[in-house]
Amino acid sequence: MCGIIGCVGRGDDTLDTLLDGLDTLEYRGYDSAGVALANGSVQTAKQAGELDALREHLGDQSLSGTVGIGHTRWSTHGPPTDANAHPHCDCTGDVAVVHNGIIENYQELRDELAADHEFLSDTDTEVIPHLIEDALADHEPEAAVRATLDRLEGSFAIAVVIAGTDAIFAARQDSPLVLGIDDDATYLASDVPAFRVHTDRVVYLDDGQFVRLDADGYTVTDFDGTPRSSSVETVDWDPEATGKAGYDHFMLKEIHEQPRALRQCLQGRVDELAGEVTLDIDPEVNRVQFVACGTSYHAALYGAALFRAAGVPAQAFLAHEYAIQTPPIEDDLVVAVSQSGETADTLAAIREADRRGADTLALTNVVGSTMARECTDALFIRSGPEIGVAASKTFSAQLTAVNLLALATVGAGDEDVRELIGALRDLPANIQTVLDESDAREVAREYVDSESFFFIGRRYHHPVALEGALKLKEISYTHAEGFAAGELKHGTLALVTPDTPVFAVVTGDDEAARKTIGNVKEVEARGAPVIAVTDGESDVERYADAVLEVPSTHARTAAVLANVQLQLVAYHVANELGRSIDKPRNLAKSVTVE
């Protein structure tokens, strides 16, 4: 959560560079924003609300400085107010701090400092500048920041500027920070898009690392000052990939990017002639435990179903539950599914699995992420940057990548491998067909005023039903629930009314399809409108009020196509309601706090 940006070396463009970086980082939080510039003294400006509120506020001020930090906030401690916005300062105004994470011992520290320091906010962050203020009585600025780090418990990425020091001091512990290296400037951010327009050279900081940025460049050490190596890597995506490219919303753009994203995911990994899938990893797979949260958990459920279909015991666990009540681990492979590779709960889960001796695999989109570096192996979904808070192309790529993982390691059980590989090859084209021909907008307009929505499916379609409900909830703020279709009659049927549309995912004409049609009949008999997401191979259309068609394909890949239709429904419902689609209330893209 929250977004940090910092830069040294931009001269008079420092403020504009910070604001542009914050604009790119708003997907990480948009409750409030602020900046601090250092040029002999420290000048700050901050404002509750989205970044435009800060820009308007800055119109009345004259901030200058050659060193600066900025922050866009997702609230944890304290409501989104001007006072709680970052940066936070000490009593003198000479120290300014921005912070992502949670200081777990902040109350103890605040109680200790309260007698000699005035606190102006409700945040945990504000203890940091006051601790630095005290430390400056006995230490030079860099040493004062290091001394403060020794007092902090919890997860944090922090950046600090101090009056009279033309440098940024920053540190990372369980919260992401990355450097951007240019010929005449150095950048610091929570995520690469914040500075990608300036440079494609990056340094990913590790936990327990401290960095100083100044006119001479940067130095990386541990918290105690021991030098640490820092390799410079090159980001291979174009900065324009983080723009809207003419679409009204990032989410809509990213939904339409799915054919390309899946081609990238499949490229070089599938040999249809040989009937083989080849990956750069070769884990031993006897049993599998997936750990994930949110949308990634739905991909994990789908992945576990694939492995079980191949005869391999597999389960999906919510990472935050797994971390505190870990199941027995024998020779299990633990697969962490996370778009960002920074999800705090999932990191905690894999660290516990690693502590117990398990091999771990990161299935993620971000090459330099903490998860990719800490796991035994990594399988990258290759989706390119995703800015919209609601995951779209990354979920489809996760489903595709976990298919590749299952095929490469354990096969497809009784299913024909060549047929499945062909279906995977056809996925990009089939998704394009869905995008070109979808009636989702008309369906959305018909049912936008409904009081609640239900989504049902079986087997591979059950995770898609869950994801369809989540998408609708998070961007339209409308109540929605997803179910394994057979669960409807075990209580939920009591909620079915003529004002609760039911989206039923039914493809093929096998036993699962026929049983789901039975559930469709149950809700139809109670007056609920039914929207069938189907390939037309069954007779579900007879019982449906509307139909969203997908091309006929393998059962596994049909789930991916059905998901695209449900993404479009969620988008158009939210758009009809005038919601903030790319920045839904109370949510942020990467959940980096537990």
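Is His-99 buried or exposed? With a relative accessibility of 2%, His-99 counts as buried, a label given to residues under 20% relative accessible area, whereas exposed means over 50% and partly exposed lies in between (1.4 Å probe, protein chains only). The structure is a predicted model, in which local features need pLDDT of at least 70 and side-chain atom pairs count only at pLDDT 80 or more, while totals for chains, interfaces and linings use all residues. Residues are numbered from 1 along each chain as its sequence is written, and side-chain values use heavy atoms, with hydrogens and water left out.

His-99 sits in strand β6 (residues 95-103); strands (E, at least two residues) and helices (H or I, at least four) are DSSP runs, numbered from the N terminus. Leaving aside residues up to four places away in sequence, the contacts of His-99 include Cys-2, His-71, His-86, Asp-124 and Phe-156, where contact means heavy atoms within 4.5 Å.

Glu-126 lies in the loop between α3 and α4. Among the residues it touches, not counting those up to four places away in sequence, are His-88, Cys-89, Arg-110 and Phe-119. Asp-90 is 36 residues from Glu-126 in sequence, yet their C-alpha atoms are 7.8 Å apart in space.

The axes of α3 (residues 106-113) and α4 (residues 127-135) come within 10 Å and cross at roughly 50 degrees; axes are lines fitted to C-alpha atoms, for helices over the stretch in contact, and angles run from 0 to 180 degrees between N-to-C directions. The helix α3 is therefore oblique to α4, since angles under 35 degrees count as roughly parallel, over 145 as roughly antiparallel, 65 to 115 as roughly perpendicular and the rest as oblique. Tyr-106, Leu-109, Arg-110 and Leu-113 of α3 make the contact with Val-127, His-130, Leu-131 and Asp-134 of α4.

Another helix pair is α8 (residues 294-309) and α15 (residues 461-476), with axes that come within 9 Å and cross at roughly 170 degrees. This makes α8 roughly antiparallel to α15. Here Gly-294, Thr-295, His-298, Leu-301 and Tyr-302 in α8 meet Pro-463, Leu-466, Glu-467, Leu-470 and Lys-471 in α15.
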